[in-house]
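Trainee: I am new to this one. Can we go through the strands and then the pockets?

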Amino acid sequence: MSLSLWTHCQAATMQAQAARPYGLIADAALVLDGPVLRWVGPRSELPPDLARACITQHDAGGALITPGLIDCHTHLVYGGDRAAEFEQRLQGTSYEEIARQGGGIASTVRATRQASAEQLTASASTRLRALMAEGVTTVEIKSGYGLALEPERTCLEVARALGHTHPVSVHTTFLGAHALPPEFAGRSDDYIDTVVAMLADLYAQGLVDAVDAFCERIGFSPAQTARVFTAARALGLPVKLHAEQLSDSGGAQLAAGFGALSCDHLEWLSAEGAAAMAAAGSVAVLLPGAFYFLRETRVPPIDLLRQHGVAMAVSTDCNPGSSPCTSLLLMLNMACTLFRLTPEEALAGVTRHAAQALGLHDRSVLAAGMRADLAVWDVQHPAELAYAFGARPLRQVVFAGVLR
């Protein structure tokens, strides 16, 4: 494999406990060995023999290089939209009231079941390309808008296919326990039986990388969620949870008991939940887009998470009902302005901690042996990525060593 050299750049390595904020190297050199980083460091320390071995050289023109960004919580594959519900909420109807009236997730389920695989692929591709245009090289895509075996299968197949047709890494999550479909009204325990059966079938087809659930008053109880997670554990699949978004249901403690990769939303997280997450190493995935769009007023307990040393990721939560957003950079700004993260915490949230939330250990920092997924930015300092909303500073992307 031929070596390539990048110079005349700053590199925000995002390594933990780096001596400088962001792990920033002011005059950096990066050597890529195909899809893997071979060497990263100050240009003055680049071994001459290694420099001479590089067949291709790239002058970054003073740009900033970061790891490729990771969007670790999305629902990209769905049919229809919920603009009418947006109007309802502005007129005073709550998200929960809309859901109880047959709207919310149930309305997207109807639209998704009616859509063809080709239609779902076309709409999801548009959303995915928007994320990629802002430096995203890895994305998680959940199911959860089919809520029956065949439409759930279709959504996961579409998600898998997107990873083959686009230069981006796609990781799939089965979210069958997202909402109660209308045909199971009043029979939520029976539906959980169906979810467990669906999981076994979809896992056997190689369509599932992780399992999620919505543990909430309008979702599923902790006991029902535990049944889904027990089935996931029997298959050796990691779990994550939509937890404590609308109330404190003890979901974080439950998920931590199963060694969850992450707990997501967390506006109502308790001290007990934060301690359990810290003990389990579960990442807190913050979703400021949903907080903003639903006009929530209870901010996730950021200081509590800091006190317990819980890693914090940031994601778009791209979905039609509570966060119709395809800008991860906007989420950096919102994480800082709404949740009071520092710009460095926010950038770690879409690199190092986002990878941890997906159980990925081969990317998200610039270091030898890691995947050569890079984002090249026309900015002078990493804080600018969180500072300017609406800006598009991305110059180019390297995905697995190849210019995208």
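**Strands and pockets**

Trainee: In which sense do β13 and strand β14 pair?
Mentor: β14 covers residues 394-399; strands are DSSP runs of E, at least two residues long, numbered from the N terminus. Two strands pair if DSSP finds at least two bridges between them. β13 and β14 have four, and the sense is antiparallel.

Mentor: This is a predicted model, with pLDDT of at least 70 needed for local features and 80 or more for side-chain atom pairs, while totals for chains, interfaces and linings use all residues. Numbering starts from 1 along each chain, and side-chain values use heavy atoms without hydrogens or water.

Trainee: Which residue of β13 is the bridge partner of Thr66?
Mentor: Strand β4 (residues 54-67) runs antiparallel to β13, joined by four bridges. In β13, the partner of Thr66 is Ala375.

Trainee: Are the residues of β13 buried or exposed?
Mentor: Side chains in a regular strand alternate between the two faces of the sheet. Leu374 and Val376 point one way, Ala375 and Trp377 the other. On both sides they are buried (under 20% relative accessible area, 1.4 Å probe, protein chains only).

Trainee: Which element gives the largest share of the lining of the largest pocket?
Mentor: A pocket is an open set of 1 Å grid points that fit a 1.4 Å probe, with protein on both sides within 12 Å along at least five of seven lines; lining residues have an atom within 4 Å of a point. Of the 20 lining residues, those closest to the centre include Ala99 and Arg100. α3 (95-100) and α4 (105-114) each supply at least two. The largest share, four residues, comes from α4.

Terms used:
Buried < 20%, exposed > 50% of the residue type's maximum accessible area, 1.4 Å probe, protein only.
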